[in-house]
Amino acid sequence: MVKIGNIELGEFPLLLAPMEDVSDPPFRAVCKEGGADLMYTEFISSEGLIRDAVKSRQKLDIFEYERPIGIQLFGGEISSMVESAKIATQVNPDLIDINYGCPVKAVACRGAGAALLQDIPKMVKMTEAIVKATRLPVTVKTRLGWDEKTKNVVEAAERLQDIGIQALTVHGRTRVQMYKGSADWSLIGRIKENPRMRIPVFGNGDIDSPEKALEYRNTYGVDGIMVGRAAIGYPWIFGDIKEYFSSGTRREPPTISERVRVARKHLEFSVRWKGDRTGIFEMRRHYTNYFRAIPDFKPFRTRLVEADNLADVEAILEEVLETYREYDALKLTA
Ligand SMILES: Cc1cc2nc3c(=O)[nH]c(=O)nc-3n(C[C@H](O)[C@H](O)[C@H](O)COP(=O)(O)O)c2cc1C
């Protein structure tokens, strides 16, 4: 049984990655239904939280059925991170996660996210202060290191464990790599080989199929896997991986009616939670993935991303269902 503090996560948990502008409550709802064992909010700026910025505050919205759920924070100032951890604790998530991996300039060049990989003593000090500031378990998500020459995650992992973090997730890329090339999990395997490590270590990066999940689980000995991009428009990935682990075979891909049902659930929650305009607009990026590999889908996609009111989008989804009903039996491959 993998545990973070007292949170029981099963034998081999599958985590939904924190993703800005993606892992909001509507998306998390479909991933929870899809089988995610632990989810995180999008990252939240510590400075924004302290200033009471609306966008940051809204990201604190969590729901009972989402548990276990972690709130992820980022920032470059220790005092702000401590303050924001206290604010996040009041919302009562299951854990607080610290982002030491974000590579984008606006974050890393302001001393936050992956920038801390260039200053491990500060990373350790910041983490220790946060651990002391909250009654909740604190976890960390980071990368292999800043660049090819400074892949210091094995050392950092042990130091972070020593000051009290309760789980670690590592994305198998450096900051300099951003999202390019392929993720290298060998250092994640090295962390697991360190006999001093006792907290759960989760691997992350490029897992997009049940076969790959099994191969990486077996090769690198991680305690669980975090999935990001492969879940966008395909929240079935969690159930697919679980089924493959338990039976050794791939389950049937979701039918069209299942895809329409889940896309509609996602859409309706988006509209409810964000309002018509933003809800409909932000849902547009998901349709391609929900309906991937469906023949001649492009005209429907174009209409879906052009429609600007809920009734129209719902009507197009209904049409998709009618048009492709007979394809259900064909078992589309995702
Ligand atoms: C659109 C997008 C937004 C992301 N936002 C965050 C974030 O807020 N916090 C974080 O720790 N990582 C963030 N990431 C990184 C992911 O959590 C994950 O580490 C990365 O996508 C690699 O995993 P994957 O190959 O399974 O997608 C983001 C990634 C993407 C694609």
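**Briefing on the predicted model**

Glu-155 has a relative accessible area of 44% and is therefore partly exposed, since that class lies between the 20% limit for buried residues and the 50% limit for exposed ones. The structure under discussion is a predicted model.

**Residues in helices**

- Glu-155 belongs to helix H7, which covers residues 153–162.
- The C-alpha atom of Glu-155 is 9.9 Å from that of Asn-194, and the two residues are 39 positions apart in sequence.
- Lys-86 is part of helix H4, residues 78–90.
- With a relative accessible area of 38%, Lys-86 is partly exposed.
- Between Lys-86 and Ile-96, which are 10 residues apart along the chain, the C-alpha separation is 9.9 Å.
- Ser-46 is located in helix H2, which spans residues 46–51.
- The relative accessibility of Ser-46 is 0%, so this residue counts as buried, the limit being under 20%.
- Ser-46 and Ser-56 are 10 residues apart along the chain, and their C-alpha atoms are separated by 8.3 Å.

**The loop between H3 and E5**

- Glu-66 is placed in the loop that runs between helix H3 (54–58) and strand E5 (69–74).
- A relative accessible area of 0% makes Glu-66 a buried residue.
- The side chain of Glu-66 makes a polar contact of 2.6 Å with the side chain of Arg-28.
- Pro-68 is also placed in the loop between H3 and E5.
- The peptide bond leading from Arg-67 to Pro-68 is cis, and its omega is near -5°.
- For context, most peptide bonds are trans.

**The loop between H13 and H14**

- Ala-293 lies in the loop between helix H13 (287–290) and helix H14 (298–306).
- Although Ala-293 is not a glycine, its phi is positive, at about 70°.
- The relative accessible area of Ala-293 is 46%, and the residue is therefore partly exposed.
- Asp-296 is likewise found in the loop between H13 and H14.
- Asp-296 is not a glycine either, yet it has a positive phi of about 55°.
- As background to these phi values, most residues other than glycine have a negative phi.
- Asp-296 has a relative accessibility of 68% and so counts as exposed, the class that begins over 50%.

**The loop between E10 and H10**

- Gly-228 is located in the loop between strand E10 (224–227) and helix H10 (237–247).
- At 11% relative accessibility, Gly-228 falls in the buried class, because buried means under 20%.
- The C-alpha atoms of Gly-228 and Asn-204 are 8.1 Å apart, and 24 residues separate the two positions along the chain.
- Asn-204 is among the residues that come nearest to the ligand.

**The ligand and its surroundings**

- The ligand has 16 residues around it, and those that come nearest are Glu-20, Gln-72, Asn-204, Asp-206 and Arg-229.
- The shell around the ligand consists of six nonpolar, six polar and four charged residues.
- The largest pocket is the space that the ligand takes up.
- A polar backbone atom of Glu-20 is 2.8 Å from a nitrogen atom of the ligand.
- An oxygen atom of the ligand lies 2.9 Å from a polar side-chain atom of Lys-141.
- In the side chain of Tyr-179, an N or O atom is 3.3 Å from a nitrogen atom of the ligand.
- The ligand taken alone exposes 610 Å², of which the protein buries 87%.

Definitions and conventions:
Residues numbered from 1 in each chain as written. Predicted model: local features only at pLDDT ≥ 70, side-chain atom pairs only at ≥ 80, totals over all residues. Heavy atoms only, no water. Near = heavy atom within 4 Å. Polar contact = N/O pair within 3.5 Å; in protein donor to acceptor, adjacent residues only side chain to side chain. Areas by Shrake-Rupley, 256 points an atom, 1.4 Å probe, with all protein chains shown as cover. 1 Å grid on protein atoms, 1.4 Å probe; cavity = no way out; pocket = protein on both sides within 12 Å on 5 of 7 lines; lining within 4 Å. Sits in = over half its atoms within 2 Å of the grid points. Nonpolar A, V, L, I, M, F, W, Y, C, P; charged D, E, K, R; others polar. Helix = DSSP H or I, 4+ residues; strand = E, 2+ residues; numbered from the N terminus. Buried < 20%, exposed > 50% of the residue type's maximum accessible area, 1.4 Å probe, protein only.
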